[in-house]
2 protein chains.
Amino acid sequence: MTWHLDYHTPTRGLTFACDQVLYTETSNYQKIEIVQSQDFGKVMLLDGVLMVTEKDEFVYHEMLSLPSLNTHPNPRKVLIIGGGDCGTLSRVLSHPGVEHVIQVEIDEMVSRVARLHFPQLCMAADDPRAELIFGDGIAFVKDQVEAYDVILIDSTDPVGPAEGLFRKAFFGDCLKALKSDGILCLQSESPWIENLRDVIHIVNEDLKSLFEVVMPYTAAIQTYQAGLWMFQMASRKYHPLSYQALTRAQYCPVPCKYYNAELHMAAFSLPGFVFA
Amino acid sequence: MTWHLDYHTPTRGLTFACDQVLYTETSNYQKIEIVQSQDFGKVMLLDGVLMVTEKDEFVYHEMLSLPSLNTHPNPRKVLIIGGGDCGTLSRVLSHPGVEHVIQVEIDEMVSRVARLHFPQLCMAADDPRAELIFGDGIAFVKDQVEAYDVILIDSTDPVGPAEGLFRKAFFGDCLKALKSDGILCLQSESPWIENLRDVIHIVNEDLKSLFEVVMPYTAAIQTYQAGLWMFQMASRKYHPLSYQALTRAQYCPVPCKYYNAELHMAAFSLPGFVFA
């Protein structure tokens, strides 16, 4: 048995026992590892950083996708940037109104490895409504015009290949790629880690300069930095706390283990320190 | 520099770098250590388990005390069981309506050490409204009858000296010690850790067999097990989500860094998995 240490800062981290390393390979973009852990089942690490666990992947994937899918009255066409493990895709396709999902993941090897080790997530990729593109999401979005109801940014941390996904220029391209009533939602790191809280603030300002409605929200993800995670929903028209959105959350057709109608509302109530 | 590993289960934990050990002593009840950490400032460990940090003590202490203090229309007399570091006491005494607080901590050495290393919390002990008793909280509560508006159980984990504080017999004694419209609130561990989730369920059933209103709620405490913590409020009369309670939360006179009126409401919305 070995212990993996997932650094949250250079001087703190989550450490957990692993029975074995199931896979390790370096792609063109990053080192990809799958380990079998005692507490979290299989875990995918990218460049040594925990990305997905069998045990609690549902929190991140439900909370990235469902608040937006229920805020939009009719999300038919969805774009996912990143999301190579297909956990977000699987929730989006569980929404019966969705007709077409394009997923643009930069690292094909992530999806190939996920297919083997997280098959419960990757079945979604076989859905005829899913279209998987392996390439640069930033370049892809530049060419899209008024095409999507919802865009979800399912990225790694803002270093290396994902850095550009936290930039204002990219958010502007997403705005252009959305239909006039479209919704953009992205993961935006942990408010407990100081330099990540700076990321949250910058992303929030950038989104507010582009979108009419910008609503940050949280989810408790035990295996991510400091256990509290943030997302930001940006919309040209719809508000996540409208009566209609809350009603749709109440009748959400996607089976969930974390998200529910009460949390759809509660997640947008932030602790004071986040934007203090 | 050394690294402390705070075990959350035997096979996972939070690890953090410490510059030095400032204090270490064994009392009649437990080993008490104060370490200077890089990320969390001073940290108090009891039997090697993280209890209080300078950096984020505010979350636990605000969230244990203020939801109940704002749910009760006129909390004049308050009993704290445990709470030796005086962080809860400091928030209770910030509430201007409170006339008298009795705190019963079993381990006097915890309070003495806190006085030296967490003076910002322990100033509260000098307030003339505060009465500090060092002794067995379980025995103390047995002798009390209809004496308190609010009882707060600020305990360590349910092993060793704190085990009895999670028992139905103790909750029954608390019920007797409360006035007819009194409120009991206790910390009840992390829902992410399986055997602690069992504790949450048992405590919840026990409280429901005694009190009319039982409302579990959460807070994101980065340094406690898995980053998500639960509390349970049990009341003979008042509901934390009543119009009156929410109004009091809105005008809460206690300065806070985590708790606010929105969170007073949101904290009671639980992820599906907690009581699944």
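The model is predicted, so local features need pLDDT of at least 70, side-chain atom pairs count only at pLDDT 80 or more, and totals for chains, interfaces and linings use all residues. Residues are numbered from 1 along each chain as its sequence is written, while chains are lettered from A and ligands numbered from 1 in the order in which they are written.

Let's start with chain A, which is divided into domain 1 (2-53) and domain 2 (57-275), with bounds from an automatic or database domain assignment. Their C-alpha centres lie 23 Å apart. Across the boundary, 20 residues of domain 1 are in contact with 18 residues of domain 2 (C-beta atoms, placed from the backbone, within 7 Å). On the domain 1 side, the largest share, five residues, comes from strand 5 (49-53) of chain A; strands are DSSP runs of E, at least two residues long, numbered from the N terminus.

Four of its five residues are buried, so the strand is largely enclosed by the rest of the structure (buried means 20 or more other C-beta atoms within 10 Å of the residue's own, with C-beta atoms placed from the backbone). Four bridges join strand 4 to strand 5 of chain A, and the two run antiparallel. They form a hairpin with two residues between them, and A:Asp47 in the turn has a positive phi of about 50°.

Finally, turn to the chains. A rotation of 180° with 0.0 Å of shift along its axis superposes chain B on chain A, with RMSD 0.0 Å (least squares on C-alpha atoms of residues with pLDDT of at least 70 in both). The two copies are thus related as by a two-fold rotation axis.

Key. Two residues are in contact if their C-beta atoms, placed from the backbone, lie within 7 Å. A residue is buried if 20 or more other C-beta atoms lie within 10 Å of its own, exposed if 12 or fewer, and partly exposed in between; C-beta atoms are placed from the backbone. Two strands pair if DSSP finds at least two bridges between them.
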